[in-house]
Amino acid sequence: MIDHLSRAVISDPEQNLTSEKQEISHILPDSKLAPIRLRKRTLHETKIRTQSTLTENILSHKVQFDGRIISRNGHDACRELVGFFFTHDQSLTIYEYRQFGKNRTNVLPFIQKNIYCHQRGRRKGKQYRLADLYVGANLTFLSSDHPRLPESVKENTVLTLRITNVDWRALDSLKTDSEEHDDVTSEEANDRKILKAIQDLLKEQLRRRGVRILTGLGKHLQQLDKEGNGLLDKADFKQALKLFRLEVSENDFESFWLILNSSGNGRADYGEFKRAIIGEMNEYRKSFVRKAFMKLDFNKTGSVSIIDISKCYCAKMHPQVISGHSTEEEIKSSFLETLKDACSKSDEVSYGEFEDYYESLSIGIVDDEDFVNVLCTPWGI
């Protein structure tokens with residue numbers, strides 16, 4: 001018996017496949033590594049055998065992973081992706097879960113099975129390997145190589161996918177059988193050290209100054225993006241940090257810029273800028289942010305009206321309401337005011353703006369479960 005989706009990857013990658021939700025524990029025991037929106041499910045199996053034992057053996061040496069698109073487009077950011085990495089030829093393929101009604105889930109081809117290389121960073125041009133599969137890792141692809149991608153995704157030259165969950169049991173088993181090792185270069189290690197030092201410095205400044213600073217920074221960078229392609233130059237970023245009184249030394253900024261602008265074209269995506277210089281919440285927390293937004297954005301447009309948010313937000317269980325220090329209406333008004341300040345439009349909230357708000361809130365909350373409780377309670381998740 002073999003995995004039906006994996007078999008289709010080899011035999012017919014264009015075929016649409018239907019999945020069943022089964023209570024099988026392929027999700028890791030450590031729930032903090034697995035996004036909560038992932039139910040315990042596997043793609044259905046079949047007794048149909050392939051024509052050769054070689055194919056069955058090939059399909060058994062794979063690692064399954066889940067992912068999401070890094071995008072400020074709400075519809076794209078909430079796409080649910082599942083991928084497979086095959087060790088026999090170091091190839092990978094990625095599918096997208098599509099929900100049709102309440103009980104039907106289709107799995108549609110997203111990235112065709114092939115051998116791919118990093119498109120950004122220190123490893124640009126190097127082939128993907130087992131060592132590249134871990135929660136929080138980015139996989140980059142040239143959009144031009146995939147003409148069937150959604151038009152909104154193809155607007156960006158490089159498609160960046162974030163791994164949100166990995167089948168660690170399969171990964172560890174295959175790593176044991178292979179001679180592959182994590183070969184982090186001295187340049188990569190130095191990059192990480194520089195970024196962490198700057199992130200720690202800025203997070204300390206942000207903890208003392210509240211949510212509005214980071215949400216305001218995101219709105220300001222978006223307004224500077226006159227071309228609408230997400231790219232800004234070095235002077236824009238330096239000016240933004242100065243405007244919001246986020247202090248980074250000249251030497252640190254220059255070191256940071258060399259990392260961010262690895263292509264050498266003098267411009268960088270402002271979303272990447274924020275993630276690199278300030279850091280971001282872990283994938284466990286992000287999974288709940290997406291879950292809350294998807295509940296609000298039931299039409300899957302990528303944005304939600306302020307009216308709908310006001311209707312859905314419930315402050316009844318807020319600590320200040322319970323203690324009697326504030327009323328439900330006061331807490332709701334404060335939340336809506338802060339959220340609207342972060343938005344480019346006065347009557348709606350995009351996914352990126354929604355995420356920015358909770359990214360800011362996340363900085364001041366150390367424990368993951370405390371953050372999840374703060375986020376989920378008002379939305380009834």
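A search of the whole structure, which is a predicted model, finds 16 aromatic pairs, where rings of Phe, Tyr and Trp (its six-membered ring) pair if their centres lie within 6.5 Å, with planes under 30 degrees apart counted as stacked, over 60 as edge-to-face and the rest as tilted. One of them joins Tyr313 and Trp379 edge-to-face, at 5.3 Å centre to centre and with 75 degrees between the planes. This pair links distant parts of the chain, 66 residues apart, since Tyr313 sits in the loop between α12 (306-312) and α13 (319-323) while Trp379 belongs to helix α16 (residues 368-379).

Because the model is predicted, local features need pLDDT of at least 70 and side-chain atom pairs count only at pLDDT 80 or more, whereas totals for chains, interfaces and linings use all residues. Residues are numbered from 1 along each chain as its sequence is written, and side-chain values use heavy atoms, with hydrogens and water left out.

**The chain as a whole**

- The protein chain holds 16 helices and 13 strands, which are DSSP runs numbered from the N terminus (helices H or I, at least four residues; strands E, at least two).
- Of its 381 residues, 49% count as buried, a term that means under 20% relative accessible area, with exposed meaning over 50% and partly exposed in between (1.4 Å probe, protein chains only).
- The chain exposes about 19,400 Å², of which carbon and sulfur atoms supply 49%; accessible areas come from the Shrake-Rupley method with a 1.4 Å probe, and for residues only the protein chains shown count as cover.
- Among contacts (heavy atoms within 4.5 Å) between residues at least 6 apart in sequence, 65% join residues at least 24 apart.

**Aromatic residues**

- Both partners of the pair described above are buried, Tyr313 with a relative accessible area of 8% and Trp379 with one of 4%.
- Tyr313 and Trp379 also belong to one aromatic cluster, which they form together with Phe293, Phe335, Tyr351, Phe354, Tyr357 and Tyr358.

**The annotated EF-hand spans**

- An unreviewed UniProt entry carries the annotation "domain: EF-hand" for residues 212-247 and 284-319; UniProt positions are given in the numbering used here, feature names are shortened, and annotations may be inferred rather than shown by experiment.
- Over residues 212-247 the chain is 64% helix and 8% strand, and the C-alpha atoms at its ends are 17 Å apart.
- Residues 284-319 are 58% helix and 8% strand, and here the end C-alpha atoms lie 24 Å apart.

- In helix α8 (residues 234-243), the buried residues are Phe237, Ala240 and Leu241. Seen down the axis of α8, these buried residues fall within an arc of 95 degrees, so they line one face of the helix, the arc being that of the directions from the helix axis to the C-beta atoms.
- On the other side of α8, Ala235 and Lys242 are exposed, while the cover over its buried residues includes α7 (211-224), β10 (231-233), α9 (250-260), β11 (267-269) and α10 (270-278).

- Glu359 lies in helix α15 (residues 351-363) and is buried, with a relative accessible area of 11%.
- A polar contact of 3.2 Å joins the side chains of Glu359 and Lys286; such a contact is a pair of N or O atoms within 3.5 Å, and within protein one must be able to donate a hydrogen and the other to accept it, while residues adjacent in sequence count only if both atoms are side-chain atoms.
- Lys274, found in helix α10, counts as buried at 9% relative accessibility, and, leaving aside neighbours within four places in sequence, Lys274 is in contact with Leu214, Gly218, Leu221, Gly279 and Asp356.

**Elsewhere in the chain**

- Gln90 has a phi near 60 degrees, a positive value in a residue other than glycine; Gln90 is placed in the loop between β5 (80-86) and β6 (91-100) and is buried, with a relative accessible area of 18%.
- Val158 is found in strand β9 (residues 158-166) and is buried, with a relative accessible area of 13%.
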